[in-house]
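Please open the model in your viewer and keep the sequence panel beside it. The stops below say what to select next and what is there.

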Amino acid sequence: MVRSEGLRRPAATGLMILVVTVAYAATGKLGLLEQVVIAGARVTPLWPPTGVALACLLLAGVRVWPGIALGTLLIMATFGPLTPAALAIVFGNTAGPLCSYLLLRRAGIRTGLDRLNDGLMLVFGGLAGTLISSGVGSGTLLLTGQVSANEFWRAWSAWWTGDAMGVLVVTPVLLSLHAARPLREKDLQEWAEPAVLLAATAAVTTAVTNISLHLLFLVFPLLIWAALRTRLVGAAPCVLLLSVLTVVAMTQRRGPFAHQSIVENMITLQALNGAASLTTLLLAAVVAERENTYQKIEQACTVLTEVVSSLAPSRTRGLRPPPGEQAPD
């Protein structure tokens with residue numbers, strides 16, 4: 001029996017590594033669909049695999065790190081032979097999420113993101129690791145001559161913002177879906193509001209990215225509503241949808257992105273996505289923390305009521321007169 005359990009653990013770990021590899025490579029392929037050229041290097045405004053990698057580490061542990069490396073290898077293999085420069089990028093993309101994971105675990109983050117501290121830890125701890133991946137990646141481009149010294153910081157900032165958006169936009173979605181309750185028939189009405197908010201976010205974002213006026217801020221009331229009413233499980237998908245739609249509009253130079261330079265568009269895009277993610281993440285965490293406090297107060301009141309109820313009969317028995325004596329008026 002012990003031997004059978006010992007065989008199952010490596011098999012389960014291998015399966016999880018395979019799942020992480022496929023998820024990382026698949027989301028990487030999606031991220032490569034929308035690229036821009038900055039400082040002579042092709043970068044993605046949103047790099048989902050970084051968020052996928054951090055979420056998988058937080059949920060499954062450090063043992064799935066080979067899946068991140070293998071997923072990066074599969075992506076790099078599509079560009080040509082695996083040169084030392086490609087292997088360096090694989091190292092950076094693996095080391096970045098690992099460092100973020102170790103920092104977040106040391107800080108005591110809870111994957112449910114139901115405390116304000118959890119949201120703040122994800123922002124600062126999660127983004128710390130992206131400094132490594134972006135630094136190694138842009139440094140490799142510099143050493144291989146693909147980016148000049150004058151353009152290094154532009155390439156690094158573009159790489160870092162793509163990884164940062166992956167952490168801020170994708171990781172909360174995966175963590176919130178993991179913590180969500182299974183969908184049952186009686187819960188369908190509870191899921192109706194998040195579905196309506198998701199559809200409304202798509203409609204408003206599509207509308208404002210197809211006109212020349214700068215009205216991207218109109219989506220924020222929907223995001224705030226989603227965070228207040230449905231917490232992270234409803235707000236995080238809305239932010240992800242907003243990010244995807246605006247990235248597509250930016251790369252196609254539509255709407256408010258039509259008459260600006262690539263750098264200006266990147267700044268506008270990342271400011272919008274960063275503000276949307278931080279607003280919903282922290283607001284949903286505050287709401288969740290408040291609800292948890294109310295639940296603890298209710299539990300304490302219930303326990304106190306039970307204690308008082310159990311003490312009441314004994315006090316009544318203590319006041320009852322002895323047999324043969326009449327109780328005083």
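Begin by selecting the spans that the unreviewed UniProt entry lists as "transmembrane region", namely residues 12–32, 52–79, 116–136, 156–175, 196–226 and 232–251; UniProt positions are given in the numbering used here, feature names are shortened, and annotations may be inferred rather than shown by experiment. The model is a predicted one, in which local features need pLDDT of at least 70 and side-chain atom pairs count only at pLDDT 80 or more, while totals for chains, interfaces and linings use all residues. Residues are numbered from 1 along each chain as its sequence is written, and side-chain values use heavy atoms, with hydrogens and water left out.

Two of these annotated spans can be looked at in turn. Over residues 52–79 the chain is 79% helix and 0% strand, with the end C-alpha atoms 21 Å apart, whereas residues 232–251 are 100% helix and 0% strand, with end C-alpha atoms that lie 28 Å apart. Helices (H or I, at least four residues) and strands (E, at least two) are DSSP runs, numbered from the N terminus.

**The whole chain**

Now show the whole chain as a cartoon: there are 9 helices and 2 strands, and from the N terminus on they follow the order α-β-β-α-α-α-α-α-α-α-α. Of the 329 residues, 42% are buried, where buried means under 20% relative accessible area, exposed means over 50%, and partly exposed lies in between (1.4 Å probe, protein chains only). Among contacts with a separation of 6 or more, 72% join residues 24 or more positions apart, a contact being heavy atoms within 4.5 Å.

**Colour by confidence**

Colour the chain by pLDDT, the predictor's confidence in each residue, from 0 to 100. The mean is 84, and 88% of the residues reach 70 or more; confidence is lowest in strand 2 (residues 41–43), at a mean of 71, and highest in helix 2 (residues 48–60), at 94. Next select residues 1–7, where pLDDT stays under 50 and the model has 0 contacts beyond four places in sequence. Where pLDDT is low, the predicted coordinates should not be read in detail.

Which residues does Thr72 contact once its neighbours within four places in sequence are left aside? Thr72, in helix 3 (residues 65–77), is in contact with Tyr24, Ile89, Val90 and Asn93, and it is buried at 2% relative accessibility.

Move on to Thr94 in helix 4 (residues 84–107), which is buried with a relative accessible area of 6%. Beyond four places in sequence, Thr94 is in contact with Trp65, Ile68 and Ala69, and its C-alpha atom is separated by 9.9 Å from that of Leu54, 40 residues apart along the chain.

Then select Leu175 in helix 6 (residues 152–179), which is buried at 0% relative accessibility. Not counting residues up to four places away in sequence, Leu175 touches Ala55, Leu58, Leu59, Thr111 and Leu113; Leu175 and Leu58 are 117 residues apart in sequence and 8.6 Å apart in space, C-alpha to C-alpha.

**Salt bridges**

A salt bridge is a side-chain nitrogen of Lys or Arg within 4 Å of a carboxyl oxygen of Asp or Glu, and by this rule there are 4 salt bridges. One of them pairs Asp114 with Arg110, the closest N and O atoms being 3.1 Å apart, and Arg110 is partly exposed at 38% relative accessible area. Another pairs Glu151 with Arg154 at 3.0 Å between the closest N and O atoms; Glu151 is partly exposed at 25% relative accessibility, and Arg154 is partly exposed at 38%.

Finish with Arg229 and Glu193, whose closest N and O atoms are 2.9 Å apart in a salt bridge. Arg229 lies in helix 8 (residues 220–251) and Glu193 in helix 7 (residues 188–208), so the pair ties together parts that are 36 residues apart in sequence. Arg229 is exposed, with a relative accessible area of 55%, while Glu193 is partly exposed at 22% relative accessibility.
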